[in-house]
Amino acid sequence: MEQSNVFDSTPLMVPYLDAHLVIFLLDFLRDSGVYNQQDISRAKIRAVEKTNMITVVEDEYEQYKNDAEMQDEYNNKKADFEKRSQDIFALLDNKPAGVEKVTAFFEDKDNVTALNESKLLTIDHLTSIGAFTADNLAAFYRYAKFKYECGFYGEAQTMLGQYLMIQQGGSSNSQAALWGKVAADILQGLWMNRMQKDSNASAEDRANAATTAPRQWQLAVNDFASLKESLDFRSIPHSDQLRQRAWVLHWALFVFFNQRENIDSLVDLFLERPYLQTMENLCPWLLRYYAVALILSPSRRKNAIREILQEINLLSYLYSDPITQFIDSLYDAFDFDIAQQKLAECQKLLQSDFFLHSHVDRFMHEARMLICEMYCTVHSSVDLVMLASKLQLTEAEAEKWMVDLVHNSSSATLQDAKIDSFGKKVFLFPPSKSIHNKIMETTKDLTSRSAVLAANLEMVARDQNSYLHAK
């Protein structure tokens, strides 16, 4: 089996994703060619036939006209597909009266704005003035969900946004509508990403998609933040909250890896203790994305590298891949040869990952910078010829790397480095610490250890008391 297949996380993620999101992952795997094409088609059929996109299912079966097994399966489902298609088109052509009423209300944008500014966009007030009833609004929500299941993500996005504008006093549909809104945001963004690369699309359509996509992804960020906040303050059983946080972590990959400037926010999400515990307990494979996000986030990396090393060691018996092994070999084992070997494997892995394939060049750049920085930390001088060999660069490129590293690094050791271009060496001068600083650091470390020891002793005493009371 190919490495890109061995480390494919799609099967692990599917239980935490909406079927419409899964479709994009499967299309990517089909294009990458790491799986049998018919296996991808079968997986896509299983995902899509739960939705109202019957035509997509039929198109998958039509690709295998010469496959007797696939055609027998298709023939057994045809009658059901035809009946469902008739029902779907009938509902599309005959919008329910209650839905029409709510739609007409939102068409008067000035009135909606005025009511919203007056804090009167509530279901009680709207019912009292005869705009529409709670039953009409519930029908509007169901029709938005129906549109979503048909693949009309833009319309569903608009309708769900309008539904969420109405204050309903704890409607049972509000949470589901917020999940649906985030899903529609993501799917619209994914379609725009696909449109930009579609050679069959017109130049105008590609340009429009390129212009609109950043705004669409920012909308997804905003709605995702609202969803996360609503879950964090929602009183539900712990097991349900844990499961929903796992969904949040998986959906966050779509939201943040599609934006170059917002990856720091993904690191912050993983660093939140409740979400870190969710990853540890339910989805350790997300450690890959935590690690990549951290490497791509220089502003977060310096303070969080110790935390991710702890997670890598903690979860090593459950999950490991070339990316986590690269970090471990570089920061824990200080084995630069293994780190370089793992970096080459990382490149192949990233290229075959739906979320990470667009970040390969940036990841390789940042990872090489880390190797350089770490190597300089543990050596008093660096041979540029050797460094070029390890990083698979020319000597000139390696020297440029070192110049950039010295100029941009926050490390005191590197800031005082001297580059000898003629001798092909870099000389490093670690800063000497004053006695005062050494005492302060030692005291700080002892204080921290004492606090941890006191907390552990308190926990042991509490457990012993509980045991004695139980007896």
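**Figure 1. Surface and make-up of the predicted chain.** The protein chain exposes about 24,700 Å², an accessible area from the Shrake-Rupley method with a 1.4 Å probe, in which only the protein chains shown count as cover for residues. Carbon and sulfur atoms supply 52% of this area. This is a predicted model: local features need pLDDT of at least 70, side-chain atom pairs count only at pLDDT 80 or more, and totals for chains, interfaces and linings use all residues. Residues are numbered from 1 along each chain as its sequence is written, and side-chain values use heavy atoms, with hydrogens and water left out. Of the 471 residues, 45% count as buried (under 20% relative accessible area; exposed is over 50%, partly exposed in between; 1.4 Å probe, protein chains only). The secondary structure comes to 25 helices and three strands. These are DSSP runs numbered from the N terminus: helices are H or I with at least four residues, strands E with at least two. Take contacts (heavy atoms within 4.5 Å) between residues at least 6 apart in sequence: 63% join residues at least 24 apart.

**Figure 2. Salt bridge between Lys44 and Asp27.** Side chains of opposite charge can pair when their charged atoms come close. A salt bridge here is a side-chain nitrogen of Lys or Arg within 4 Å of a carboxyl oxygen of Asp or Glu. The count for the model is 23. For Lys44 and Asp27, the N to O distance is 2.8 Å. Lys44 lies in helix α4 (residues 37–48) and Asp27 in helix α3, so the pair ties together parts 17 residues apart in sequence. Both Lys44 and Asp27 are buried.

**Figure 3. Salt bridge between Glu60 and Arg30.** The closest N and O atoms are 2.7 Å apart. Glu60 sits in helix α5 (residues 54–62) and Arg30 in helix α3; the pair links distant parts of the chain, 30 residues apart. Glu60 and Arg30 are both buried. A network of salt bridges links Asp27, Arg30, Lys44, Glu60 and Arg194.

**Figure 4. Salt bridge between Glu73 and Arg42.** Here the closest N and O atoms lie 2.9 Å apart. Glu73 belongs to helix α6 (residues 68–93) and Arg42 to helix α4, so the bridge ties together parts 31 residues apart in sequence. Glu73 counts as partly exposed because its relative accessibility is 23%.

**Figure 5. The second largest pocket.** Its volume is about 660 Å³. On a 1 Å grid over the protein atoms alone, a pocket is an open set of points with protein on both sides within 12 Å along at least five of seven lines; a cavity is a set where a 1.4 Å probe fits but cannot get out; lining residues have an atom within 4 Å of a point. Points are joined across faces, edges and corners, and a volume is the space filled by probe spheres set on them. The pocket has 20 lining residues; Asn193, Arg194, Lys197, Asn258 and His357 lie nearest its centre. Helices α3 (19–32), α12 (174–197) and α13 (203–232) each give two or more residues to the lining. By class, the lining holds nine nonpolar, seven polar and four charged residues. Nonpolar covers Ala, Val, Leu, Ile, Met, Phe, Trp, Tyr, Cys and Pro; charged covers Asp, Glu, Lys and Arg; the others, Gly among them, are polar.

**Figure 6. The largest cavity.** One cavity of 30 Å³ or more is counted. The volume of the largest cavity is about 80 Å³. Of its 15 lining residues, Asp8, Ser9, Thr10, Asp353 and Phe354 are closest to the centre. At least two residues each come from α2 (10–13), α3 and α17 (287–295). The lining divides into eight nonpolar, four polar and three charged residues.
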